[in-house]
Amino acid sequence: KITLPPISLQKKIIDEIKGYQSVIDGCKKVVENYKPNIEYKKSWEMIEIGEIFENKTETMTPEEIMIKNPQYIGLEHIGKGTGLLIEDFKNESNQIKSNKTKFKRGDILYGKLRPNLNKVVIAEFDGICSTDILVLRKLENDENTFFHAIFLANHFNEKVVKSISGSQLPRTNFNFIKNIKVPRPSLEDQKFISVNLNSEKSIVQGNKLLIENFNKKILNIFEDLNKN
């Protein structure tokens, strides 16, 4: 049995849901199409990735994971080319059966499996990730937000894709990536650009929150119907 309200109320509910769905669809376009962008200046120094970042490879065993229950990020949790975690990201470390790589807040997590998908995110907490993700930690005081945008750029991704090996499970590796040259402006310029990028990211995160809230509104409509 299902709740069957009068036709007038059904129409009212449909109109309300359509309004909520329009907001959701608009926000999804922002989230799915956003990509940070940086305009290069010819005056900027060019330097190899390996002089800015190191690749951290310390792992945690399933036994340690079971005890400490750290937050886990897999490739499936990172959006394609967005630089963001997916909308419904949640910790799933209790399901892990193999060693995972440790990372710290602020590290850049770079997907090395199928790098054409361009899955790159800045860690916002300490945790563990799939071994198919490179953990890149800065060596000096550079701005991770700036280089995160560099890693997401199409021209950088095109260089990385040239390095892939394996037909079924194509991968890149840090030995190749560390030799790619990227711009390294002054720290002052990096910080200025990072402030703007973070402002854009806040807007995108706000859209993600709206998606979540308006999905809840739709669910609440049907829950209220069932209560009545």
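## Close-up views of a predicted model

**View 1. Strand S9 and its partner S2.** Phe-53 stands opposite Lys-138 in S9. The structure shown here and in the other views is a predicted model. The strands involved are S2, residues 53–56, and S9, and they pair in the antiparallel sense over four bridges. S9 is mostly covered, with five of its six residues buried. Phe-53 also belongs to a cluster of linked ring pairs, which is taken up in View 6.

**View 2. Strand S9 and its partner S6.** Four bridges join S6 and S9, again in the antiparallel sense. Here Gly-111 stands opposite Ile-133 in S9. In a regular strand the side chains alternate between the two faces of the sheet.

**View 3. A salt bridge between Arg-137 and Asp-107.** Side chains of opposite charge can pair when their charged atoms come close. The whole structure holds eight salt bridges. In one of them the side chains of Arg-137 and Asp-107 meet, at 2.9 Å from N to O. Arg-137 lies in strand S9 (residues 133–138), while Asp-107 is in the loop between strand S5 (100–103) and strand S6 (108–111), so the pair ties together parts that are 30 residues apart in sequence. Are these two residues buried or exposed? Both Arg-137 and Asp-107 are buried.

**View 4. A salt bridge between Arg-171 and Asp-132.** The side chains of Arg-171 and Asp-132 form a salt bridge of 3.0 Å, N to O. Both partners sit in loops: Arg-171 between helix H4 (154–161) and helix H5 (174–177), and Asp-132 between strand S8 (127–129) and S9, so this contact ties together parts that are 39 residues apart in sequence. Arg-171 has a relative accessibility of 29% and therefore counts as partly exposed. Asp-132 is buried, because its relative accessible area is 17%.

**View 5. A salt-bridge network at Glu-140, Asp-142 and Arg-184.** A network of salt bridges links Glu-140, Asp-142 and Arg-184. Within it, the side chains of Arg-184 and Glu-140 meet at 3.7 Å, N to O. Arg-184 lies in strand S10 (residues 181–184) and Glu-140 in the loop between S9 and helix H3 (144–152), so the two tie together parts that are 44 residues apart in sequence. With a relative accessible area of 16%, Arg-184 is buried. Glu-140, at 47% relative accessibility, counts as partly exposed.

**View 6. A cluster of aromatic rings.** Ring pairs link Tyr-40, Trp-44, Phe-53, Tyr-110, Phe-146, Phe-147, Phe-151 and Phe-156 into a cluster. The structure as a whole has ten aromatic pairs. Tyr-110 is buried, with a relative accessible area of 1%. Phe-151 is buried as well, with a value of 0%.

**View 7. Contacts of Phe-214 in helix H6.** Tyr-20 comes from helix H1 (residues 7–33) and Phe-214 from helix H6 (residues 187–227), so the pair ties together parts that are 194 residues apart in sequence. Tyr-20 and Phe-214 are both buried. A charged side chain is also found at this ring: Lys-217 lies over the face of Phe-214, at 5.6 Å from the ring centre.

**View 8. A four-stranded open sheet.** The strand order of this open sheet is S3-S5-S8-S4, and the pairing is mixed. Strand S3 (59–60) and strand S4 (71–73) are the edge strands, each pairing on one side only. S5 and S8 pair in the antiparallel sense over three bridges. The bridge partner of Lys-102 is Ile-128, in S8.

View 9. A disulfide is a covalent bond between the sulfur atoms of two cysteines. The count of disulfides in this structure is zero, for sulfur atoms within 2.5 Å. Cys-27 counts as buried, at 5% relative accessibility. Cys-129 is also buried, with a relative accessible area of 0%.

Definitions and conventions. Residues are numbered from 1 along each chain as its sequence is written. This is a predicted model: local features need pLDDT of at least 70, side-chain atom pairs count only at pLDDT 80 or more; totals for chains, interfaces and linings use all residues. Side-chain values use heavy atoms; hydrogens and water are left out. A salt bridge is a side-chain nitrogen of Lys or Arg within 4 Å of a carboxyl oxygen of Asp or Glu. Buried means under 20% relative accessible area, exposed over 50%, partly exposed in between (1.4 Å probe, protein chains only). Rings of Phe, Tyr and Trp (its six-membered ring) pair if their centres lie within 6.5 Å; planes under 30 degrees apart count as stacked, over 60 as edge-to-face and the rest as tilted. A charge sits over a ring if NZ of Lys or CZ of Arg is within 6 Å of the ring centre and within 35 degrees of the ring normal. Two strands pair if DSSP finds at least two bridges between them.
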